[in-house]
Amino acid sequence: QVQLVESGGGLVQPGGSLKLSCAVSGRLFTIFYMAWHRQAPGNQRELVAGLNRDGITNYADSVKGRFTISKGNAWNTVYLEMSSLKPEDTAVYYCYALANGVQSWGQGAQVTVSS
């Protein structure tokens with residue numbers, strides 16, 4: 001229904017910051033909910049941050065106070081600002097959208113936190 005493309009991943013040192021972007025495209029779509037999930041090696045995919053159409057956010061306990069989810073105009077871009085990064089934040093980060101009653105996933109962006 002919609003196409004999601006993540007960007008902004010990379011290698012950062014512990015304590016550093018990084019900002020991920022998710023570009024949303026398609027025709028005749030209405031966003032109800034968007035989120036960032038992540039999956040580390042050997043672990044299940046987990047919710048990191050979510051943003052609903054009313055502007056209400058939710059975060060995993062492990063990232064509260066360090067990560068912030070936000071959106072651009074008309075839901076064309078969703079961001080994840082990450083600070084005070086830890087090695088345990090290393091994972092592939094996926095953009096998720098619920099639009100027109102259909103769930104969509106991006107292909108993922110690698111974030112590696114290492115000294």
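**Surface, fold and the setting of Asp 89**

The accessible surface of the protein chain amounts to about 6,100 Å². Carbon and sulfur atoms account for 46% of that area. The model is predicted. Of the 115 residues in the protein chain, 38% are buried.

The protein chain holds 11 strands and 0 helices. Its pattern along the sequence is β-β-β-β-β-β-β-β-β-β-β. The radius of gyration is 14 Å, close to the 13 Å that the globule rule gives for 115 residues, so the protein chain is as compact as a globular protein of that length. Along the principal axes, the C-alpha atoms fill a box of roughly 45 × 25 × 25 Å. Contacts between residues at least 6 apart in sequence were also examined by separation: 51% of them join residues at least 24 apart.

Charged side chains number 9 positive and 7 negative in the protein chain. The centres of the two sets lie 6 Å apart.

Asp 89 sits in the loop between strand S8 (77–82) and strand S9 (91–99). The relative accessible area of Asp 89 is 1%. Buried means under 20%, so Asp 89 is classed as buried. The side chain of Asp 89 makes a polar contact of 2.8 Å with the side chain of Arg 66. Neighbours within four places in sequence aside, Asp 89 is in contact with Arg 38, Arg 66, Phe 67, Ser 84, Val 111 and Val 113.

Conventions: Residues are numbered from 1 along each chain as its sequence is written. This is a predicted model: local features need pLDDT of at least 70, side-chain atom pairs count only at pLDDT 80 or more; totals for chains, interfaces and linings use all residues. Side-chain values use heavy atoms; hydrogens and water are left out. Helices (H or I, at least four residues) and strands (E, at least two) are DSSP runs, numbered from the N terminus. The radius of gyration is taken over C-alpha atoms; the globule rule is 2.2 Å times the number of residues to the power 0.38. Buried means under 20% relative accessible area, exposed over 50%, partly exposed in between (1.4 Å probe, protein chains only). Contact means heavy atoms within 4.5 Å. Accessible areas come from the Shrake-Rupley method with a 1.4 Å probe; for residues, only the protein chains shown count as cover. Lys and Arg count as positive and Asp and Glu as negative; His and the chain ends are not counted. The place of a charge is taken as NZ of Lys, CZ of Arg, CG of Asp or CD of Glu. A polar contact is a pair of N or O atoms within 3.5 Å; within protein, one must be able to donate a hydrogen and the other to accept it, and residues adjacent in sequence count only if both atoms are side-chain atoms.
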